[in-house]
Amino acid sequence: MSEKVYIVGVGSTALGRFTDKSVKDLTREAVTLALQDAGATMADIEAAWFSNTRQGLMENQNTIRGQCALRSMGFETIPIVNVENACCSSSTGLNQAFAQIKAGLCEVAVVVGAEKMFYPDKKDLMFQAFLGGWDVHDMERTKNVLLSLGNGLALPPEAHADTGQHSVFMDIYASLARQHMRIYGTTPRQIAAAAAKSHFHATMNPLAQYRVDMSVDQVLGDKLISWPLTRAMCAPISDGAGALVICTQSALPRFARGRAVEVLASALVSGSRRDNDDLGKHLGRVAANKAYAQAGIGPADIDVAEVHDASAFAEVLQTENLGLCAPGDGGAVAERGETRLGGRIPVNTSGGLVSKGHPIGATGAIQIHELVVQLRGEAGARQVEGARFAAAENGGGFFGVEEAATVVTVLGAA
């Protein structure tokens with residue numbers, strides 16, 4: 001029987017826009033924090049997985065980004081694997097490290113995500129970088145399909161306004177939101193409630209990019225990006241890094257085992273050629289079902305979750321995919337306060353991507369950082385009392401009518 005796998009160390013930089021910090025700087029900071037948290041040294045690490053999605057385009061640093069970042073801080077001889085899988089790159093890194101340890105190929109590994117997205121002298125290129133997140137050889141057809149998903153919903157005049165430069169992915173999320181509104185009757189106010197809740201949570205997270213509480217009305221009144229999404233409902237461009245030290249059960253005595261968190265499941269999936277409106281076969285739900293089966297628990301057991309809210313609408317959808325509420329109820333659940341601290345199932349206690357930040361290649365590892373802190377009971381003012389089980393959903397890119405890849409991770413307090 002394969003050994004259990006534990007996270008014994010986590011580290012995260014603050015998130016923001018850091019013109020004075022490089023990918024190497026961010027990596028060094030996050031990895032050093034994770035090693036210190038575990039009571040480990042570089043000599044304990046037998047293998048590394050490194051994720052980054054922007055450095056190739058923005059800096060022409062291709063093919064060996066992990067080696068450049070990790071060897072520069074002192075790692076030698078160990079295998080270093082570069083993992084790029086859209087927004088779920090570092091959670092995919094965890095998936096691969098988890099499998100490697102389960103297979104008995106190493107006992108201790110580090111998973112790193114490090115991203116620089118803000119280059120003030122390359123603004124056009126910053127936005128062009130998002131276009132690599134779908135099939136560039138089928139771009140027009142894909143764009144037309146995705147942007148048509150919300151067709152059939154009556155739109156207000158402002159939905160046709162030119163709102164200026166922004167990521168095309170926000171137009172896609174807006175289309176997905178309109179589809180959900182058309183099918184289930186979800187309202188802009190419900191989506192705003194999800195965002196307002198996350199902005200509130202972020203006020204208690206010292207690592208968050210934005211720590212400003214916002215009411216639902218303030219969220220709705222913010223600058224329009226792509227109807228029904230306002231700026232306060234959309235993740236910002238962020239720099240940052242996260243790192244995780246993971247190990248086998250037999251290696252636990254070498255580290256701070258009393259604070260270890262078990263990785264119960266890691267399910268990585270891609271999408272399918274489902275019907276556009278058949279959200280029951282959404283890859284997020286497929287991944288969640290696989291992860292729960294691996295973990296031997298169900299959605300009713302989850303005490304806290306981090307989901308990939310690149311837009312606040314995505315939180316509405318992904319809480320449904322994780323089974324934390326019934327299909328179509330994600331908006332109502334947010335509006336009723338069930339996903340807020342003190343509610344039935346707190347979601348995105350970190351502040352989520354919309355407020356904490358979204359350094360793409362690092363986001364998955366930083367989600368896991370938050371959940372480990374929660375399961376240890378070390379989250380301070382944003383602590384979910386008695387949290388025993390946690391789930392993270394992290395998806396990215398687009399292919400067909402949904403994300404290109406999604407990872408669902410389930411963790412348990414040791």
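Mentor: Helices here are DSSP runs of H or I with at least four residues, strands are runs of E with at least two, and both are numbered from the N terminus. The model is predicted, so to speak of local features pLDDT must be at least 70, side-chain atom pairs count only at pLDDT 80 or more, and totals for chains, interfaces and linings use all residues. Residues are numbered from 1 along each chain as its sequence is written, and side-chain values use heavy atoms, with hydrogens and water left out.

Trainee: How many helices and strands are there in the protein chain?

Mentor: The protein chain has 14 helices and 11 strands.

Trainee: What does the radius of gyration say about the protein chain?

Mentor: The radius is taken over C-alpha atoms, and the globule rule is 2.2 Å times the number of residues to the power 0.38. For 414 residues a compact globule would have a value near 22 Å, and the 20 Å of the protein chain agrees with that. The C-alpha trace spans about 60 × 45 × 40 Å along its principal axes.

Trainee: What percentage of the residues count as buried?

Mentor: Buried means under 20% relative accessible area, exposed means over 50%, and partly exposed is in between, with a 1.4 Å probe and protein chains only. By that rule, 60% of the 414 residues are buried. For surface totals, areas come from the Shrake-Rupley method with a 1.4 Å probe, and for residues only the protein chains shown count as cover. The protein chain exposes about 15200 Å², and carbon and sulfur atoms supply 50% of that area.

Trainee: How far apart are the mean positions of the positive and negative charges?

Mentor: Lys and Arg count as positive, Asp and Glu as negative, while His and the chain ends are not counted. Each charge is placed at NZ of Lys, CZ of Arg, CG of Asp or CD of Glu. There are 36 positive and 43 negative charges, and their mean positions are 1 Å apart.

Trainee: Which rings form aromatic pairs that link into a cluster?

Mentor: Rings of Phe, Tyr and Trp (its six-membered ring) pair if their centres lie within 6.5 Å; planes under 30 degrees apart are stacked, over 60 edge-to-face, and the rest tilted. The count comes to 4 aromatic pairs. One of them is W134 with F169, a tilted pair at 6.3 Å centre to centre and 35° between the planes. This pair links distant parts of the chain, 35 residues apart: W134 is in the loop between α5 (123-128) and α6 (139-147), and F169 is in helix α7 (residues 168-184). W134 is buried because its relative accessible area is 5%, and F169 counts as buried at 10%. F169 also pairs with F398, again tilted, at 5.3 Å centre to centre with 40° between the planes. F398 sits in the loop between β10 (389-396) and β11 (405-413), 229 residues from F169. F398 is buried too, at 2% relative accessibility. Ring pairs join F130, W134, F169, Y173 and F398 into a cluster.

Trainee: Which residue other than glycine has a phi near 60°?

Mentor: N60 has that positive value. N60 is placed in the loop between α2 (55-59) and α3 (65-71), and counts as exposed because its relative accessibility is 65%. A86, not a glycine either, has a positive phi of about 55°. A86 is in the loop between β3 (80-83) and α4 (89-102), and at 29% relative accessibility counts as partly exposed.

Trainee: What does G412 touch, not counting residues up to four places away in sequence?

Mentor: Contact means heavy atoms within 4.5 Å. Beyond those neighbours, G412 touches V261, E262, L264, L375, R388 and F389. G412 lies in strand β11 and is buried at a relative accessible area of 3%. Across the protein chain, 78% of the contacts with a separation of 6 or more come from residues 24 or more positions apart.

Trainee: Is D44 buried or exposed?

Mentor: D44 is buried, because its relative accessible area is 18%. D44 is in the loop between α1 (23-38) and β2 (47-51). Leaving aside neighbours within four places in sequence, D44 is in contact with V108, R254 and F255.
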